[in-house]
Amino acid sequence: MVGFKASDVPPTATVKFLGAGTAACIADLITFPLDTAKVRLQIQGERQGPMQAAASAQYRGVLGTILTMVRTEGPRSLYSGLVAGLQRQMSFASVRIGLYDSVKQFYTKGSEHAGIGSRLLAGSTTGALAVAVAQPTDVVKVRFQAQARAGAGRRYQSTVEAYRTIAREEGFRGLWKGTAPNVARNAIVNCAELVTYDLIKDTLLKAHLMTGSCPPFSVWDPGTW
């Protein structure tokens, strides 16, 4: 672009899309054991009565769950479902974060100044759309995290097999189980995260308290840089 240095050229929607997905995948690699521990704790005792579940609880606390899994199933069990998890992040985060600015500009009809209503609409739209796209990957990820890595009860052996098995045994709609509450949750979460970030960033820029390049998913505004 004439008149701009290479560092001043605004990132394209594709760059934002890929950048958000890649960053989310890196974060998922680091935090995946915590997510697996969360799932194991959530499903513990689901087929038992309250008294039985409390008496026979296998996992106690986040650290206790991680240590138990490593001891009984091996360290790799902490990353069971990682492939589906990375697929989820690349599709989910790319849409909810990478497309936020583009959707916001759509609602504001290209205006440089977006109101709180337009930001909230953009956040809820991309949050809900991301779930609609990525829900099958989330279902497979949780199924892998929930099953013990060792033993005859292991149902899925690979990510591709899991997709096929769920679609064959539960119908194609089985891959979208839990979509409605997930859409509601992530529409709210996306609004809280991105709209808050957006408003704070604009406030800092107007007060001349922040300079430098904007993040991959930020709006490039010639009037504020």
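Colleague: How are residues classed here as nonpolar, polar or charged?
Modeller: Asp, Glu, Lys and Arg count as charged. Ala, Val, Leu, Ile, Met, Phe, Trp, Tyr, Cys and Pro are nonpolar. The others, Gly among them, are polar.

The model is predicted: local features need pLDDT of at least 70, side-chain atom pairs pLDDT 80 or more, while totals for chains, interfaces and linings use all residues. Numbering runs from 1 along each chain as its sequence is written, and side-chain values use heavy atoms, without hydrogens or water.

Colleague: What volume has the largest pocket?
Modeller: On a 1 Å grid over the protein atoms alone, a pocket is an open set of points with protein on both sides within 12 Å along at least five of seven lines. Points are joined across faces, edges and corners, and a volume is the space filled by probe spheres set on them. For the largest pocket that gives about 820 Å³.

Colleague: Which residues lie closest to the centre of the largest pocket?
Modeller: Lining residues have an atom within 4 Å of a point. There are 27 in the largest pocket, and the closest to its centre are Lys38, Arg88, Asp138, Lys141 and Arg185.

Colleague: How many charged residues are in the lining of the largest pocket?
Modeller: Nine are nonpolar and seven polar. The charged ones number eleven.

Colleague: Which helix supplies the largest share of the lining of the largest cavity?
Modeller: A cavity is a set of points where a 1.4 Å probe fits but cannot get out. The largest cavity holds about 30 Å³, and Arg88, Phe92, Val131, Ala134, Gln135, Asp138 and Asn182 line it. Helices are DSSP runs (H or I, at least four residues), numbered from the N terminus. Four lining residues come from helix 6.

Key. Helix = DSSP H or I, 4+ residues; strand = E, 2+ residues; numbered from the N terminus.
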